[in-house]
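Q: Could you walk me through how to read a few features of this model?
A: Gladly; let us take them one by one.

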Amino acid sequence: MKYKLVRTTKVNMQYKKAPTVESVLAEETVKALREITNHIQDAVFKDIPTKEGMVTIIHSNSLVEKRTLQEVVLVPLCNHIHQIHQLATPVDLKEFKGIIEKIGGGHTLLYFHQTHQLLSLNTYSAPTRTITDTATESTVIGPQDAFTESLDTNISLVRRRIRNPMLKNEDRILGTESNFRISILYIEDLVNKENLDTLKQRIDKVHYPIFTDISMLMQSIEDNPLSPFPQYYMSVRPDSISQYLLDGRIVVFMDNSQAAIVGPTSFFEMFISIEDYYNRWTMASLLRMLRFFGFFLTIMITPTYISALVFHPELLPYELLLNLQESRSNVPLPPLIEVLFIELIIEVLREAGSRMPTKVGQTIGIVGGIVIGTAAVDAGLVSNILIVLVAISALLSFLPPIFLMSNTSRFVRYIFIFSAGFFGMYGQMLAFAWLFAHLLSLNSLGTPYMTPFIPRKATDLLDSIVRFPTAYLKNRKGISRAQKK
Amino acid sequence: MSTHTKKILNGYHVVFLAQSAMIGSGILTLPRELSSVGYSQTFLPILFGVFASLTLWPMVWLNLKYPNENLFRINEILLGKGLGKILNVLIILQFTLFIAGIINKYMHLIQSTALPEQTITKPVLLFLLLLIYIVNGGIKSIARFCMLTFFLTIGIFYFTYWAVQKGDFSHLFPLFNFNGKELFEAMGKGYLAVLGYGAIMFYFPYIVDQKKAFKHVLTGIWISISLCFITVLISVMYFSEWQLKHIEFSILNLLKSGELSFVERFDIIGVTLWVFLILTTVAVYLWSAKEGIVSLFSKEKKYYIYVLTAIVFLIVRIPFPQEFQDKFFTTVNYIAYFLIVWPSFLSIIYLLRKKQVQP
C-alpha cells in the first residue's frame, strides 16, 4: 500500500509539471472509475508507464492471483504491448454496470490515458479446491474423482471423458441479484431438441435472487415442484454424468455447486449406481433389485407392524403373534405412537450425526446404538422386535444412490405409518395406490417418470431391474428420445 | 365441432383400460351369481366373452363413424339435441349410481373383514379423495394406473394354488344339469361382472390408432374373461355346490385356503389390495360421467368431478336398510345392460338417418 501511494504521488507530480488536455481528461476518468468502484473495497488501481503512455490497471485483489496478473497483464504490458491489443476486448467507458461486472467477475481493466481507451482481460483466478474423491457417492470400483465447486474444472472433467466435437456447452447468467454462470451441456447430434427447448425455456423463466446450490435451481425447473420426488438425476460423479450425456440427456452445471443435474430421468434411475456397470452383471442385477425393492420395503415394514398389531392380529400365525405380544407386554404406548417415537428417534440421530463435527459424531453412534437401542427396550418404551424392524427400514432407506431419493423414502414412510395407524392394511393399500397414482402422473422434462415400467422402447428392459451383460446394452434409453439409436 | 381431438391413448392403454374396467367388484361374487347352474358354471365366462365380443362390434363400428365424438355426442347427433340430452342425463345418473353401488359393495366387504370396528364414512372419504386425484390426471393417467394395477394384482392368483391343490378335479366335468330358466338367471346375474368394456364408447375419441381399437379392446376383454374363467374354475374345484350358492365372496375363501408359515390370513391382504381394482373400475366410470357432464354443458370445469363424487358419497352414506340398498343397486346394475345393447339400436338409427346425420 505504501508503495502504491508513493507511485501515485510521483505520477501526480509528473502531471503537475506539464498539464495537458489529455492528462486532465485521464485524471478525471480515473477519478470517476474510482468512484464507480468505491464499493469494491479490494479493487486495486495501479498506474504503469508503458510505451503507449500511462496505463491504469484495475482488478479485484481477491479474484485475481498475483501470478496470473503478472503473466497475463504486466509482462505483456511492459514488453509486448501489441499482444495486449490483440487479446483484450474493449469496454465502453460510459457503461458503469458493465465495468463493475467485469471487475466483479475477475477481469482486469486497462485504461490507456493517451488514447482514452478501456480494455479488459480475463484474469479470473480465484482459489479453487483440488479434485478429490467423492464423499457422498463413493464406489469401490471405478474412477474416484468428483466434481468441485468450480464450473470450469467440472466441465473439463467431463470433456476429458467425452472427446466428441459435438459436445456443446451453453452458458447462461442466472440469479437476479447474484449473477452467476450456469452451463447447459449436451451432445448436439444426440440430444432431443424438444427436451432441450423445454429446459432452456424453463431456465429462462426462472426469477430468483440467488441460488446457492444447483438443487435449488432444480426445484424451480421441475415439472411438479410440489411432489416429494426429485425429478432430475443429481450426481457429483463425472463418469456417471458423462454416461448420461452420451445417452442423449441434458446436463446442467452451476458455478459454485458441486453437483450437476441430468434430465430427463425416471423413478427407476434413482436406484441405479454407476458402479452397476463396473460390477459383473450378475452382482449388479442383485444389487439393483435390493435397492429397488428396498424402497418399497422401507416404506412398508413399520406400517405393516402397526396394522398387524392394531387391526389384523389374525394376519399373523399364532406363534409369531405370541412372540410379538410378549415383546410388547411392557410397552404402554399404542403401536402407532411407539413406531412414531422410535422412527423420530432414528431421524434425530441421523440429523444430529450429520450436523455434528466429525470428532463429536462418533459419540452419536454410541449414544444411539447402545443407550437408545438397548435401554429403550429395557425401560419398556418400545418392543425389541420393533427396534429390529426400524433399524432394517432405516438401513434400507439409505440404499438409493441418490440421496434426495433416500430422503423422499423416509418422508413417504410417514404417510404410510399414519394411514396404517388409522385404517390398517386398507389405509396402507390406499397410500400405496396414491403413491403409484402420483408416480404415474409425474413427468421429468415431459417424459413419464415411471419408465421403464411404461417402456418407451423394448430395449429399455435390458437395463432395468436386471442389468444385462454389457454386450446387450448398446442402445440408448427410450427416455432420452435421442436422435440416434 | 368437437373439442376432443387430442389423441393420447396408445394400444397398450386401450387394452388395459378395457381390461381393468371389467375387473372390479363383480368378480368377487361371480361364482355365487352363477351358482344357479351349479358346477356347470365353468364354461359360462367363455360364453360371456363371446357375448361381449359380439356386443363390442356395434360399439366400435358406431364410434368409427364419428371418430372424434363420444357416445354422449353421438346420442345428441343421432337422436336430436333434446332427446339426446335427456338420455345423456340418464346415462350419467346410471353411472353415478353404478359407482356408488361398486363402492358400497366393496366398503361393506372391507368393513366385514379388514375394519370391523369402524364405520365406513372415513374409509369411503379417503377412497373418494384418491379417486378424485386419479381422475383429475385425465384418461391417460387412468390408463397408466390400470396397467400398473394389472401387474400388481395378478400375483394374487398365486395364492389360489392351495385351493387348486385341495380342489376336486371331477367337479369340472360338464353335466349340463340345468334348465333354460336357471341358465338365464345365471347369465342375468353373472354378466354384471364383465360389464365395463362399454366405456370404450367414451374414451374412443382419445385413441391414437382407432382402426385397431377393436382388436385392442378385444384383447382386454379376453384377458378379463380368462381371469373370470380361472376364478370360476378354481371355485368349482374347491367348493361344494352348496358352498357355491351360499358363500358370498368366494374369492376370499379361496385365498383363505393359503398356507404360508408367516401369513395366516392372506385374504385380508387380498381384499385390501383389491382396492386397486375397484379404483380402476370406478375411475373409468367417473371419468366417463364427467365427460357426459362436459358434453351436457359444453364447458370443461374442474368442479364437475367434485360434485359427482359428493353425490356418490351421499348415496353410499344414506342410511337405507341393507335389503333396500341391495335391491336398489341390483336394479341399477340391470339398467347397465341397456348400455351394452344401446349401440346396436343406435347403429340402426344411424343406418336409417344416414343422409341427415353425416358427421
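Q: Let us start with Ser298(B): where in chain B is its place?
A: Keep in mind that this is a predicted model. Ser298(B) sits in the loop of chain B that runs between α15 and α16 (303-317).

Q: What is phi of Ser298(B) near?
A: The general idea is that most residues other than glycine have a negative phi, and most peptide bonds are trans. Here, phi of Ser298(B) is near 50°, a positive value in a residue other than glycine.

Q: Which value does phi of Arg481(A) take, and where is the place of Arg481(A)?
A: Phi is near 45° for Arg481(A), again a positive value in a residue other than glycine. Arg481(A) belongs to the segment after β12 (447-448) of chain A. The cut-off for a buried residue is 20 or more.

Q: Which residues does a cis peptide bond join in chain A?
A: As a general point, most residues other than glycine have a negative phi, and most peptide bonds are trans. In this model, Gly263(A) and Pro264(A) are joined by a cis peptide bond, with omega about -10°. To find the spot, look in the loop between β10 (260-263) and α10 (275-278) of chain A, where Pro264(A) is found.

Q: How many residues does each chain bring to the contact between chain A and chain B?
A: In general, the size of an interface is often given as the accessible area lost when the parts come together. Here we can count residues: 20 come from chain A and 27 from chain B. On the side of chain A that touches chain B, helix α16 (residues 403-441) gives the largest share, with 12 residues. Sorted by class, that side of chain A has 16 nonpolar, 3 polar and 1 charged residues.

Q: At what angle do α16(A) and α15(B) pack?
A: The general idea is that two packed helices are described by the angle between their axes and the distance between the axes. For α16(A) and α15(B), the angle is about 50° and the axes are 10 Å apart. That is why α16(A) is called oblique to α15(B). The crossing of these two helices, α16(A) and α15(B), is right-handed.

Q: Which residues make the contact of α16(A) with α15(B)?
A: From α16(A) come Tyr426(A), Met429(A), Leu430(A) and Ala433(A), while α15(B) brings Val275(B), Phe276(B) and Leu279(B). By class, the residues of this contact are 7 nonpolar, no polar and no charged.

Q: Why is helix α4 (residues 71-79) of chain B described as largely enclosed?
A: Count along the helix: 7 of its 9 residues are buried, so α4(B) is largely enclosed by the rest of the structure. The buried residues in α4(B) are Leu71(B), Phe72(B), Arg73(B), Ile74(B), Asn75(B), Ile77(B) and Leu78(B). They pack against several helices of chain B, including α3 (44-65), α5 (81-113) and α17 (322-352). Just after α4(B) comes Gly80(B), with a positive phi of about 90°.

Q: Which residues does Met22(B) touch?
A: First find Met22(B) in helix α1 (residues 11-22) of chain B. Not counting residues up to four places away in sequence, Met22(B) touches Val194(B), Gly196(B), Tyr197(B), Ile221(B) and Ser224(B). With 29 other C-beta atoms within 10 Å, Met22(B) is buried.

Q: How many helices and strands are there in chain A?
A: Chain A has 16 helices and 12 strands. Its radius of gyration is 30 Å, well over the 23 Å that the globule rule gives for 485 residues, so chain A is more spread out than a compact globule. The C-alpha trace of chain A spans about 110 × 55 × 40 Å along its principal axes. Of the 485 residues in chain A, 36% are buried.

Notes
Residues are numbered from 1 along each chain as its sequence is written. Chains are lettered from A and ligands numbered from 1 in the order in which they are written. This is a predicted model: local features need pLDDT of at least 70, side-chain atom pairs count only at pLDDT 80 or more; totals for chains, interfaces and linings use all residues. Two residues are in contact if their C-beta atoms, placed from the backbone, lie within 7 Å. Helices (H or I, at least four residues) and strands (E, at least two) are DSSP runs, numbered from the N terminus. Ala, Val, Leu, Ile, Met, Phe, Trp, Tyr, Cys and Pro count as nonpolar, Asp, Glu, Lys and Arg as charged, and the others, Gly among them, as polar. A residue is buried if 20 or more other C-beta atoms lie within 10 Å of its own, exposed if 12 or fewer, and partly exposed in between; C-beta atoms are placed from the backbone. Axes are lines fitted to C-alpha atoms, for helices over the stretch in contact, and angles run from 0 to 180 degrees between N-to-C directions. Angles under 35 degrees count as roughly parallel, over 145 as roughly antiparallel, 65 to 115 as roughly perpendicular and the rest as oblique. A crossing is left-handed if the near helix is turned anticlockwise from the far one by less than a right angle, and right-handed if clockwise. The radius of gyration is taken over C-alpha atoms; the globule rule is 2.2 Å times the number of residues to the power 0.38.
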